[in-house]
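Keep the sequence beside you as you read.

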Amino acid sequence: MQSSQSTAELSIRLKLAEINKNQTWLAAQIGVSPFYISRRMNGVQKFTVDDLDAIAGVFKTDLAGLLATAKAVA
């Protein structure tokens with residue numbers, strides 16, 4: 001079973017691929033640096049709930065919907 005952190009990362013990667021965007025684009029959408037997103041996507045630092053909520057908003061879903069993306073693939 002995956003940890004919630006890797007589930008979040010996988011969900012974000014899948015959503016980005018679905019809309020053909022990258023982490024730099026995502027960083028611009030939520031007002032952080034690409035480095036900030038990269039560190040979280042690579043597991044160096046964990047996403048906060050606020051980070052995930054903002055990212056879910058970019059994808060026009062809620063937090064549960066965002067995380068459900070990875071679970072649907074598994």
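Predicted model: local features only at pLDDT ≥ 70, side-chain atom pairs only at ≥ 80, totals over all residues.

Two packed helices are described by the angle between their axes and the distance between the axes. Helix α2 spans residues 23–30, and helix α3 spans residues 34–41. Their axes come within 8 Å and cross at roughly 115°. The crossing of α2 and α3 is right-handed. Which residues meet there? From α2 come Gln-23, Thr-24, Leu-26, Ala-27 and Ile-30. From α3 come Pro-34, Ile-37, Ser-38 and Met-41.

Now turn to a ring. Arg-40 lies over the face of Tyr-36. The distance to the ring centre is 3.5 Å. How many aromatic pairs does the structure hold? The count is 0.

Next comes a loop. Asp-62 sits in the loop between α4 (49–58) and α5. Asp-62 is partly exposed, with a relative accessible area of 48%. Exposed would need over 50%. Leu-52 is 10 residues from Asp-62 along the chain. The C-alpha atoms of these two residues are separated by 9.1 Å.

Finish with α5, residues 63–73. Which of its residues are buried? They are Leu-66, Thr-69 and Ala-70. These three cover an arc of only 80° around the axis, so they lie on the same side of α5. An α-helix has 3.6 residues a turn, so residues three or four places apart point the same way. On the other side of α5, Ala-64, Lys-71 and Ala-72 are exposed.

Note on methods: Residues numbered from 1 in each chain as written. Heavy atoms only, no water. Buried < 20%, exposed > 50% of the residue type's maximum accessible area, 1.4 Å probe, protein only. Helix = DSSP H or I, 4+ residues; strand = E, 2+ residues; numbered from the N terminus. Arc of directions from axis to C-beta. Phe/Tyr/Trp six-rings, centres within 6.5 Å; stacked < 30°, edge-to-face > 60°. Lys NZ or Arg CZ within 6 Å of the ring centre and 35° of its normal. Axes fitted to C-alpha atoms, helices over the stretch in contact; angles between N-to-C directions. Left-handed = near helix turned anticlockwise from the far one by under 90°. Contact = heavy atoms within 4.5 Å.
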